[in-house]
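Student: I have a structure open and want to go through it piece by piece. Can we start with how far to trust it?

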Amino acid sequence: LSKLQAILYSAVNMGGLEVRCLKITRTSVFSHSVVHLVSSADGFSHGFSTRTGGISSVKTLSSLNLFCSSRRRDPRAVVAENLRRFSLEAGFHPHLFNLVKVNHASDVWVIGKEAPDSYDGIVTNQANVVIATPGADCIPLLFVDPVAKVVGAAHAGWKGTLMGIAMATVNAMASEFGSKPADVVAVIGPSVGPCCFTVERESAAEFHAIHPDCVRDVESPKLHVNIRWATRILLQQGGLLPTHIHDKTVTDKPNITLCTSCNPDMIFSHVRDGINFGTQIGFVD
Ligand SMILES: [Zn+2]
């Protein structure tokens with residue numbers, strides 16, 4: 001532990017800060033349904049953080065915020081301590097952790113190659129590497145190919161969705177490591193639902209072009225769009241099997257595609273909380 005982390009840790013233990021139980025939500029899609037695809041144990045670990053169990057004290061960041069920047073001011077040491085706690089719970093070392101560098105575009109970093117300045121997707125076939133993607137309305141997407149032993153993580157907001165970040169990540173798994181899209185399993189993580197997310201008419205038309213069901217209330221001035229459904233359609237068009245995509249439409253598995261904005265006790269949301277919003281992550285290794 002660094003000295004500051006140790007001080008923070010003791011402050012927490014002395015009851016100086018409110019700490020609620022750290023929770024990780026996991027889908028069953030990698031650990032169980034993958035077993036149907038390959039007979040060997042898959043060996044992949046994954047999950048999504050919730051907002052509980054950290055030490056961030058600002059109301060909109062409380063408490064397990066996992067991102068800071070010049071605009072979103074949670075002290076770096078606090079975010080580092082949150083990551084340390086999360087990684088302990090998730091079972092990986094923070095030094096192995098690689099987080100997407102968000103640009104709301106469709107660049108993908110292949111670990112081992114030179115990293116672009118920013119990237120909304122990461123892919124790797126290396127063991128002992130954890131890849132992760134932030135979200136706070138934008139979708140954290142996780143991918144596993146249990147056949148070629150490749151993993152991917154992507155950050156898909158509405159802009160990145162329209163730019164094709166989901167399939168750009170799968171395509172990188174295919175071109176770099178020989179993944180077949182039909183072998184790839186995907187999880188669409190907690191993200192803002194069509195209940196709470198609206199866009200301008202021009203962007204809504206682009207979602208409508210992906211699939212009419214992506215846009216609710218076509219006549220309304222506020223156009224509610226479903227970025228999860230658009231992501232599913234784009235992945236299916238790219239060759240993923242419908243049954244290999246875990247989202248809210250799947251009813252025989254736990255619902256992992258919770259609406260960020262509708263669940264204030266559990267998840268951070270930019271739409272709900274404004275500019276100084278906290279961030280959760282999805283990770284896979
Ligand atoms: Zn909602």
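Student: What's the average pLDDT of the protein, and what share of residues score at least 70?
Tutor: This is a predicted model. The pLDDT averages 88, and 88% of the residues score at least 70.

Student: Where is the pLDDT below 50?
Tutor: One such stretch is residues 6-19, which has 14 contacts in the model beyond near neighbours in sequence. Another is residues 31-41, with 10 contacts counted in that way. Where pLDDT is low, the predicted coordinates should not be read in detail.

Student: OK, on to the sheet. What's the strand order?
Tutor: The order is β1-β2-β13-β6-β3. These five strands form an open sheet with mixed pairing.

Student: Which strands stand at the edges?
Tutor: Those are β1 (24-25) and β3 (97-99). Each has a single partner strand, so one side of each lacks a neighbour in the sheet.

Student: How do β2 and β13 run, parallel or antiparallel?
Tutor: Antiparallel: β2 (residues 46-49) is joined to β13 (residues 280-284) by three bridges. Opposite Phe 48 is Gly 282 in β13.

Student: And β6 with β13, how many bridges there?
Tutor: Five, and that pair runs antiparallel. Ile 131 faces Val 284 of β13.

Student: What about β3 and β6, parallel or antiparallel?
Tutor: They run parallel, joined by three bridges. Phe 97 has Val 130 in β6 as its bridge partner.

Student: Is β6 buried or exposed?
Tutor: Buried. Six of the six residues in β6 (residues 130-135) are buried, so the strand is largely enclosed by the rest of the structure.

Student: Which β6 residues point which way?
Tutor: Val 130, Ala 132 and Pro 134 point one way, while Ile 131, Thr 133 and Gly 135 point the other. All of them are buried.

Student: Switching topic: how many residues are in the largest nonpolar core?
Tutor: It has 71 residues. Those with the most contacts inside it are Leu 141, Phe 143, Ala 153, Ala 166, Ala 186 and Val 225.

Student: Which helix gives the most to this core?
Tutor: That is α5 (residues 165-177), which contributes eight residues.

Student: Back to Val 225. What does Val 225 touch?
Tutor: Leaving out residues up to four places away in sequence, Val 225 touches Trp 158, Pro 194, Phe 197, Val 199, Ala 204, Phe 207, Cys 214 and Val 215.

Key
Residues numbered from 1 in each chain as written. Predicted model: local features only at pLDDT ≥ 70, side-chain atom pairs only at ≥ 80, totals over all residues. Pairing = 2+ DSSP bridges. Helix = DSSP H or I, 4+ residues; strand = E, 2+ residues; numbered from the N terminus. Buried ≥ 20, exposed ≤ 12 C-beta atoms within 10 Å, placed from the backbone. Core = buried A, V, L, I, M, F, W, Y, C linked by C-beta atoms within 7 Å. Contact = placed C-beta atoms within 7 Å. pLDDT = per-residue confidence, 0-100.
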